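Open the model in a viewer and keep the selection panel at hand. The stops below go from one selection to the next.

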Amino acid sequence: MFIIFRYLTRQVIVSMLAVSGVLLLVFMSGRFIKYLADAAAGKLSADVLFTIMGYRFPGFLELILPLGLFIGILLAYGRMYLESEMTVLFACGVSDRQVLAHTMVTSVVVMLIVGSMSLFLSPWGAQKVVDIINEQRQATEFDLLSPGRFQSIASGSRVTYTEALTDDKKQLMGVFIAEYDKASSSWALITAQEGSQFVDDSTGSRFLVLGDGQRFSGRPGNLDYKLMTFDDYGLKITGPESYNERKNDEATSTADLMASDDPEMRALLHWRFSLPFIVPIVTLLAVRLSRVNPRQGRFFHLLPAMLLYILYLGLLIVARDALAKEKVPEWLGMAWVHLLFLAFGLWLQFGSAWMRKRQLVKEGKSHAQA
């Protein structure tokens, strides 16, 4: 039995890792593109992109692992049914319940991993991402400049371009700045051969000091433009004084959620506890749904199984929203969704055998009375 258990576990784990890897690549690529766009717009430094993605990894994995396990069981056991390996196992005395029990051992391990991520690692990673983004938002526009790229800074009122930038980001070469003044509805265009950062020790204010350049100012459509040539020209750099701290409920620790009375926080707490409970329930469903007729093909069962999983996840989201809006009591929470699909899974797994046994008992009584 140990050899059979090891074989079944290996088949499920390999399929789960393959599916989870593909799903992880798809989801993380989409989020990475978003962060990359923020870096191109000057909202984030390119140096922190991979760090952010690393901290976001547990948050992706807690949602992907249950789905990866669900599809992995369907693919692995579906192949075994198609190639008659399950038929051989059943002929050698392995029962449906033994297959389910062996698979549940694997699902318990996955459930513990998902639980550790949803309750501890994901909030910790989300808080780290918030801290990094907050630091980036506190950074000056000088710190976020990238050579050879037009960047919109200071809420879109200033566009900055530099041909080259030293590695320590202290010296600019070939600077172009377009600045819009909302009060006078005018534009100022500044070109300079070089630029450097200057910090006023008394006030802590930062300035971009441009050297050997020209400044054009005026309102578009008018002819009264002003031209000024300068040796040194200072521009105040946007700093932390215009910074508003970014907050994220997902970064709230589980301990803080348990101490909170806010309905939305309580709903988030129920959601975190719900994620690991998805794993054994979808395992119960997948083991039964993986049974296929060789004539139907290997992927015949995937569509109804995926629709069932989508329904399960959708009902959990609906239950979370209802809990946040206090439409359902907290003692019920999201448990009704899990109980509904647990009952359905038990019926799929044992319902037909129970009905057949009941039918045999009924027929036996009728023959005894006759």
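**Salt bridges and a surface patch**

Select Glu-250 first: in this predicted model its relative accessibility is 36%, so Glu-250 counts as partly exposed.

Next, select Arg-158 and Glu-179, a salt bridge with its closest N and O atoms 2.8 Å apart. Arg-158 lies in strand E2 (residues 158-165) and Glu-179 in strand E3 (residues 171-181), so the pair ties together parts that are 21 residues apart in sequence. Arg-158 is buried at 8% relative accessible area, while Glu-179 is partly exposed at 21%.

Move to Arg-79, buried at 15%. Its salt bridge to Glu-85 has closest N and O atoms 2.9 Å apart. The count of salt bridges comes to 6.

Now go to Ser-15 in helix H1 (residues 2-40). Its side chain reaches the backbone oxygen of Gln-11 at 3.1 Å. Leaving aside neighbours within four places in sequence, Ser-15 is in contact with Gly-72 and Ala-76. Ser-15 counts as buried because its relative accessibility is 15%, and buried means under 20%.

Last, select Trp-187, Leu-189, Phe-216, Tyr-225 and Leu-227, which form a nonpolar surface patch with about 460 Å² of accessible area together. Tyr-225 sits in the loop between strand E5 (206-218) and strand E6 (226-236) and is partly exposed at 45%.

Methods. Residues are numbered from 1 along each chain as its sequence is written. This is a predicted model: local features need pLDDT of at least 70, side-chain atom pairs count only at pLDDT 80 or more; totals for chains, interfaces and linings use all residues. Side-chain values use heavy atoms; hydrogens and water are left out. Patches are made of residues with over 30% relative accessible area and no salt bridge: like charges are joined within 9 Å, nonpolar side chains (Val, Leu, Ile, Met, Phe, Trp, Tyr) within 5 Å. Accessible areas come from the Shrake-Rupley method with a 1.4 Å probe; for residues, only the protein chains shown count as cover. A salt bridge is a side-chain nitrogen of Lys or Arg within 4 Å of a carboxyl oxygen of Asp or Glu. Helices (H or I, at least four residues) and strands (E, at least two) are DSSP runs, numbered from the N terminus. Buried means under 20% relative accessible area, exposed over 50%, partly exposed in between (1.4 Å probe, protein chains only). A polar contact is a pair of N or O atoms within 3.5 Å; within protein, one must be able to donate a hydrogen and the other to accept it, and residues adjacent in sequence count only if both atoms are side-chain atoms. Contact means heavy atoms within 4.5 Å.
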